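Please report on the helices, the nonpolar core and the surface of this chain. Keep it brief.

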Amino acid sequence: MALTAPYFHDDVQNLLNMLVLFTAVVLGAVAFVHCLTQRADAFPAIGTLPKGGWLALLGITVLLSLVTTRMGMIIFPLICIGAAMVYLLDVRAGLRDLTDGKGFW
């Protein structure tokens, strides 16, 4: 019996996993570096986790993404993308408004 189409779903799955991992590492690293450069007293002023909490959350998710993706677990890069997006879209905007003086604080 001859096969009519090649099976390439493993290649597509590996490509998508690498794309998710790359996105997670880049977003996580950008969020981590931004968090590292901010003042620690600004985080409680906007009503979010302290600076150490965000650093731990972002750093651990990036490390777990790098370690567990080789084992086939894709859930940690997705968690890393979620945490980084919350930081970049919500916390970063609040910190920017606080330091610019344009926020409602």
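## Helix 1

Helix 1 has 28 residues. From its first C-alpha to its last it reaches 40 Å, close to the 40 Å expected at 1.5 Å a residue. The model is predicted.

Six positions can be named on the buried side of the account: Asn-17, Leu-21, Ala-24, Gly-28, Ala-31 and Cys-35 are buried in helix 1. The buried residues of this helix pack against helix 2, helix 3 and helix 4.

## Nonpolar core

The largest nonpolar core holds 14 residues. Those that touch the most other members are Cys-35, Phe-43, Trp-54, Leu-58, Tyr-87, Val-91 and Leu-95. Two or more residues each come from helix 1 (9-36), helix 2 (42-45), helix 3 and helix 4. Helix 4 gives the most, with 6 residues.

Cys-35 belongs both to the buried residues of helix 1 and to this core. Leaving aside residues up to four places away in sequence, Cys-35 touches Phe-43, Lys-51, Trp-54, Leu-55, Leu-58 and Tyr-87.

## Nonpolar surface patch

A nonpolar patch lies on the surface. Its members are Leu-63, Leu-66, Val-67, Met-71, Met-73, Ile-75, Leu-78 and Ile-79. Together they have about 750 Å² of accessible area. Helix 3 (51-68) and helix 4 (75-100) are the elements that give two or more residues to the patch.

Leu-63 is found in helix 3. Its relative accessible area is 55%. Exposed means over 50%, so Leu-63 counts as exposed.

Technical notes
Residues numbered from 1 in each chain as written. Predicted model: local features only at pLDDT ≥ 70, side-chain atom pairs only at ≥ 80, totals over all residues. Heavy atoms only, no water. Patch = residues over 30% accessible without salt bridge, like charges linked within 9 Å, V, L, I, M, F, W, Y side chains within 5 Å. Areas by Shrake-Rupley, 256 points an atom, 1.4 Å probe, with all protein chains shown as cover. Salt bridge = Lys/Arg side-chain N within 4 Å of Asp/Glu carboxyl O. Helix = DSSP H or I, 4+ residues; strand = E, 2+ residues; numbered from the N terminus. Buried < 20%, exposed > 50% of the residue type's maximum accessible area, 1.4 Å probe, protein only. Core = buried A, V, L, I, M, F, W, Y, C linked by side-chain atoms within 4.5 Å. Contact = heavy atoms within 4.5 Å. Expected span 1.5 Å × (residues − 1).
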